[in-house]
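Please open the structure in your viewer and keep the selection tool at hand.

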Amino acid sequence: MILLIAVGIFAWLAIQKFKYSPPDQRRKLIIQYVLIALALAAVLLAVSGRLHWVGAAVAVVLPIVNRLWRTFGRHLPWIAPLIAKHAQARAQKQQQKQSGSENPGAGEGNTQKPDREPQLTEAEARRILSVSKNASRDEIIGAHRKLIQKFHPDRGGNDYLASRINAAKALLLKQLGE
């Protein structure tokens, strides 16, 4: 009975830790929790005298694993390039994330086309920011701040809208001579 209470408390603490952990650490936590659960299951089976069932299950699974391993080994020459390509793509993605995505079109394996945005005219920039022809610097900055808060990618907007809003502000401020 005490053992079951301890397992329940441990499970509750594990779930709480999993909930509040960052997404990149969750996979590691899942692996740890599965290994701990297997160890606890082995202890419970040993205490209850049913550990021999584990030995029987292992004896059944080993020939199946051996057969799968041989089959996989036979097909490895065809699978290896796919695994290498996947690993290379993952490494490039991680490298771009670390460098702040300064150069998203770089890399041989990158199949994404660089974004081509049409150049803004002054009239389009004023329409985007909803400012008049004789708007001051403060009006332009205020309109930009209001729109970017509304359409920023971190707040549910998207990169395209945010880039157009930023480009409109930059063009209008440049027109003012600043």
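A residue is called buried if its relative accessible area is under 20%, exposed if over 50%, and partly exposed in between (1.4 Å probe, protein chains only). The model is predicted: local features need pLDDT of at least 70, and side-chain atom pairs count only at pLDDT 80 or more, while totals for chains, interfaces and linings use all residues. Residues are numbered from 1 along each chain as its sequence is written, and side-chain values use heavy atoms, with hydrogens and water left out.

**First stop: an aromatic pair**

Select Phe-10, which is partly exposed at 35% relative accessibility. The structure holds 1 aromatic pair. Its rings belong to Phe-10 and Tyr-33; their centres are 6.5 Å apart and their planes stand at 85°, so the pair is edge-to-face. Rings of Phe, Tyr and Trp (its six-membered ring) pair if their centres lie within 6.5 Å; planes under 30 degrees apart count as stacked, over 60 as edge-to-face and the rest as tilted. Phe-10 is in helix α1 (residues 2-19) and Tyr-33 in helix α2 (residues 23-48), so the pair ties together parts 23 residues apart in sequence. Helices (H or I, at least four residues) are DSSP runs, numbered from the N terminus.

**Second stop: a charge over a ring**

Select Phe-18 and Arg-26 together. Arg-26 lies over the face of Phe-18, 5.2 Å from the ring centre. For this, CZ of Arg must be within 6 Å of the ring centre and within 35 degrees of the ring normal.

How many salt bridges does a search of the whole structure find? It finds 1. Select Arg-126 and Glu-122, whose side chains form a salt bridge at 2.8 Å, N to O. The term requires a side-chain nitrogen of Lys or Arg within 4 Å of a carboxyl oxygen of Asp or Glu. Arg-126 and Glu-122 are 4 residues apart in helix α4 (residues 122-129), and therefore separated by about one helical turn. Is Arg-126 buried or exposed? Arg-126 is buried, with a relative accessible area of 10%, whereas Glu-122 is partly exposed at 32%.

Select Ser-130, in the loop between α4 and α5 (137-151). Phi of Ser-130 is near 60°, a positive value in a residue other than glycine. Ser-130 is exposed, with a relative accessible area of 64%.

Methods: Helix = DSSP H or I, 4+ residues; strand = E, 2+ residues; numbered from the N terminus.
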